Amino acid sequence: LGIAALAVFGIVSSRSRASLVVSGLIMIYVIWKYQPKWIFLLIPAGLALALTPPLQQRVLDIFSYEQNVQRVKVWLTAFWMLRDNPLTGIGANAFRVEYARIFQANPQLFNLYDIPVLWHAHNMYLRFASELGLPGLTASLVLTISSLRRIRLINAHTRDRWRYPLEGIGLAILAFFLANLLDSYWAMPKPIFVFCFLLGIT
């Protein structure tokens with residue numbers, strides 16, 4: 001319960017749409033797998049979170065047409081960067097500069113809801129691809145596949161008291177990769193530290 005309370009506190013504090021979506025999916029999976037009769041409790045729990053003042057607007061933003069279209073435009077912009085620089089990318093941490101240039105050079109592609117300055121592509125894989133080219137994209141995919149494969153092998157061969165803790169660690173690592181489909185946490189020290197720590201345990 002203490003770990004669950006810390007997780008909820010972290011989600012509320014971050015106010016991240018990606019965290020809300022991925023945490024909800026992981027929670028549904030865990031309850032469905034271990035306690036399916038409690039699945040109905042997700043409805044009041046979800047409503048309680050949605051009505052929490054710091055999260056109300058962020059929950060509504062999940063269904064915001066304007067914000068979701070803006071996110072897709074950012075992904076397309078990152079893809080254009082990869083298309084124009086497939087082998088080397090635009091350079092590490094150069095997304096902000098190149099995005100601003102594209103934004104100013106193509107005003108017809110953007111509207112008032114679009115943000116003129118962004119630090120990353122809001123997707124870890126597109127960030128690696130746009131900044132480091134195909135080698136960076138390949139490295140990020142290898143990291144993802146090898147990590148998930150490692151977790152699967154451990155869970156398949158663990159039957160003692162460590163089974164459930166290792167499954168929890170595996171789900172946390174899976175949540176990291178899923179959240180990075182909707183955002184990019186790779187340059188944030190705290191998420192990266194936790195990810196590397198958990199991966200090291202496995």
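1. Going along the sequence, the protein chain reads α-α-α-α-α-α-α-α-α. That makes nine helices and zero strands, with helices (H or I, at least four residues) and strands (E, at least two) taken as DSSP runs numbered from the N terminus.

2. A word on the source: this is a predicted model, where local features need pLDDT of at least 70, side-chain atom pairs count only at pLDDT 80 or more, and totals for chains, interfaces and linings use all residues. Residues are numbered from 1 along each chain as its sequence is written, and side-chain values use heavy atoms, leaving out hydrogens and water.

3. Of the chain's 202 residues, 35% count as buried (under 20% relative accessible area, 1.4 Å probe, protein chains only). The chain exposes about 12700 Å², with 71% supplied by carbon and sulfur atoms; the areas come from the Shrake-Rupley method with a 1.4 Å probe.

4. Among contacts (heavy atoms within 4.5 Å) with a separation of 6 or more, 67% join residues 24 or more positions apart.

5. Have a look at H120, in the loop between α6 (95-105) and α7 (124-157). H120 counts as buried because its relative accessibility is 12%. Leaving aside residues up to four places away in sequence, H120 touches V74, F95, R127, D183 and S184. A polar atom of the H120 side chain also lies 3.1 Å from the backbone nitrogen of H122.

6. S19 sits in helix α2 (residues 17-34) and, at 18% relative accessibility, counts as buried too. S19 and N180 are 161 residues apart in sequence, yet their C-alpha atoms are 9.5 Å apart in space.

How values were computed
Buried means under 20% relative accessible area, exposed over 50%, partly exposed in between (1.4 Å probe, protein chains only). A polar contact is a pair of N or O atoms within 3.5 Å; within protein, one must be able to donate a hydrogen and the other to accept it, and residues adjacent in sequence count only if both atoms are side-chain atoms.
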